[in-house]
Amino acid sequence: SDSRGRQSGRAGRYPVRGPIATLVVVVTGTAVAALAYRRWMAPKSKAPAEHDPWLVAVTSYPMSGRGCHRGRQFSEAELVSRSTTAVEGQFETEEEAVAQAKRVRQCTAEFEDWADEHFGTGPPPWDSVEGENFDNDSEVLIRVVRQSVLDAEKKADEALLQKVARTAAQKQQKKKKQKESALQRSGKVHYSFPGPPRGVDANAELEVLVDADLLAYAVPRGEKFDKQKHARAEPAQLAGCRSLMIRATDGAVAEEGFVEQTRSLLEACTSLEELHWHDAAHISRILCGTDAEGENPKQSRLTRSLRVLSLPYCSRNFGPEELADLAIFSGLEALDLRSSLDMELGIGHPATMRDPYDSDEGGDCEPLPYSEALVAVAQANRKLKEVDLDGILDFDAFSYCLDQHAVCTVEAGGARVKLGRKTAW
């Protein structure tokens, strides 16, 4: 990649250099140009302060649309927040600072092999973006500036970030209120991750916590459990609730009797239609009645009457076998599996190594880990209207978990498959 980006004969390619040349070269995003313009073209102080030394400022900044940032364009604020500036020495004269800047450039990998010929004897600023190595994740800018100029830039950057943060907070608050209103109108139970105050919850009728003593306590989400404060969930509460949110402490999950006690808890919920189980464990044994070896699932009132099943963020306990076991349910209308499919199970799968441009390769490759199980669940639940897989696009997990054909099959049966949006690379 370096051989492609660092070609010889660059010195004659640019009739101008420095800030203007860099603004011409950087065409991958206006944010880089805006930052370069604001920094390089900022008016200098008319008269330097009595103690205002010259500095060599070395700024490393991410490159929009290149390297690992391909397909992404940074705003100016994002670029500022992701940039770092180091100061190399303080000097009484500009000439001394320029000499040190040259030494720094010679020791910086981003300028290796091409910068001496390209920049010649010209003074800084020097920007490695002019080397046109399009595989670089970040670039380096070397400048010689007064201390007062660098201080003014830092102050301007802080003001920019504060302004952007205020604007983002206002937008987030507006979005939060809109979501709250939408949830109130829909009447649906919903749990956000993270929860309030950042997220918005529409709580279930009953929220319980199973503690290490394997007893269920009525503990609203967000409250710290206190045996002196929180009472046990009463049998009448369990029998009458139609929507239940359940979670357990790590100590409870480790207990030998956790499976039996949690089964009993759910059996007591004779009116239950919605189950929201956070960080679920032993899913097949508790919900599907399988034995210790994961075999022989059993029908129950729960598998016949549950309409909504939410199992978010349980990937450490949720393999393809657990998803396949959910096909014993028959009345599900909504299935929530946000961030619950484990992409690591698909790493090394032959399908992930196929050449998409080779029509002769991998035609009979076995399905990705969760594909057949998801289709089986959808076929067993003819009333299924929604499958939430939010989080599956992060880190390209989709390509390791599911075949596109499986998603199309589920949607063809009338269910909407929500993939969410990509938030992590």
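**View 1. Strand E7 pairs with strand E5 in this predicted model.** Val-210 has Ala-248 of E7 as its bridge partner. The two strands, E5 (residues 206-210) and E7, are paired in the parallel sense, with five bridges between them.

**View 2. Strand E7 also pairs with strand E8.** E8 covers residues 274-277 and runs parallel to E7, joined to it by four bridges. Leu-275 in E8 is the bridge partner of Leu-244. E7 spans residues 243-248, and five of its six residues are buried, so this strand is largely enclosed by the rest of the structure.

View 3. Cys-241 is buried, with a relative accessibility of 3%. Another cysteine, Cys-401, is buried at 0% relative accessibility. Across the whole structure, the search finds zero disulfides.

**View 4. Helices H14 and H16 are in contact and roughly parallel to each other.** The axes of H14 (residues 371-380) and H16 (residues 404-412) come within 9 Å and cross at roughly 5°; the helices therefore count as roughly parallel, since the cut-off is an angle under 35 degrees. H14 contributes Ser-371, Leu-374, Val-375 and Ala-378 to the contact, and H16 contributes Ala-406, Thr-409 and Val-410. Of the residues in this contact, five are nonpolar, two are polar and none is charged.

Definitions and conventions:
Residues numbered from 1 in each chain as written. Predicted model: local features only at pLDDT ≥ 70, side-chain atom pairs only at ≥ 80, totals over all residues. Heavy atoms only, no water. Disulfide = S-S within 2.5 Å. Buried < 20%, exposed > 50% of the residue type's maximum accessible area, 1.4 Å probe, protein only. Axes fitted to C-alpha atoms, helices over the stretch in contact; angles between N-to-C directions. Parallel < 35°, antiparallel > 145°, perpendicular 65-115°, else oblique. Contact = heavy atoms within 4.5 Å. Nonpolar A, V, L, I, M, F, W, Y, C, P; charged D, E, K, R; others polar. Pairing = 2+ DSSP bridges.
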